[in-house]
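Trainee: I have a model open and would like to go through a few of its residues. Can we take them one at a time?

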Amino acid sequence: EKTALGIMISNWHTTRGRAGACCGGLFPIASRFNHSCVPNVMHAWRDWWLPEGDDALAIRALTDIEVGEELCVSYLNLYMTREERREDL
C-alpha cells in the first residue's frame with residue numbers, strides 16, 4: 001500500500017544549498033521521468049548561473065536525442081555493477 005512518505009521518498013531529488021549543504025525537494029515534472037540503465041538525460045542542480053537566491057533543477061542531455069524519443073534518467077548510481085543495480089531496483 002502506498003503511503004505519503006513512500007511517495008515522497010520515491011520522488012525526492014537531492015539538491016545542494018549555497019553553502020554546499022545537502023538538501024532535497026520534490027519537483028513534479030522531474031519526478032515523471034522513467035528509469036533507464038542507459039539514460040539519455042540527467043538531473044543537475046543549478047545555482048551558479050541564476051540570480052542570488054534562485055536555484056533550479058535542470059535536466060541535461062547526455063546524448064543526442066531524437067524528436068519523440070522518451071527522456072529517461074537513471075534512478076541509480078551508474079557506477080554500480082549490473083548485479084548491484086538489479087538488487088537495488
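Trainee: Leaving aside neighbours within four places in sequence, which residues is Ser 31 in contact with?

Mentor: Keep in mind that this is a predicted model. Ser 31 sits in the loop between strand 2 (22-26) and strand 3 (34-35). Once neighbours within four places in sequence are set aside, the residues in contact with Ser 31 are Asn 11 and His 13.

Trainee: Is Ala 61 buried or exposed?

Mentor: Ala 61 belongs to strand 5 (residues 56-61). Not counting residues up to four places away in sequence, Ala 61 touches Asn 40 and Val 41. The relative accessible area of Ala 61 is 52%, and the cut-off for exposed is over 50%. Ala 61 is therefore exposed.

Trainee: What separates the C-alpha atoms of Ala 61 and Leu 71?

Mentor: Along the chain, Ala 61 and Leu 71 are ten residues apart. The separation of their C-alpha atoms is 8.8 Å.

Trainee: How many disulfides does the structure hold?

Mentor: Cys 37 is partly exposed at 38% relative accessible area, whereas Cys 72 is buried at 12%. A disulfide requires a pair of cysteine sulfur atoms within 2.5 Å. The number of disulfides in the structure is zero.

Methods:
Residues are numbered from 1 along each chain as its sequence is written. This is a predicted model: local features need pLDDT of at least 70, side-chain atom pairs count only at pLDDT 80 or more; totals for chains, interfaces and linings use all residues. Side-chain values use heavy atoms; hydrogens and water are left out. Buried means under 20% relative accessible area, exposed over 50%, partly exposed in between (1.4 Å probe, protein chains only). Helices (H or I, at least four residues) and strands (E, at least two) are DSSP runs, numbered from the N terminus. Contact means heavy atoms within 4.5 Å.
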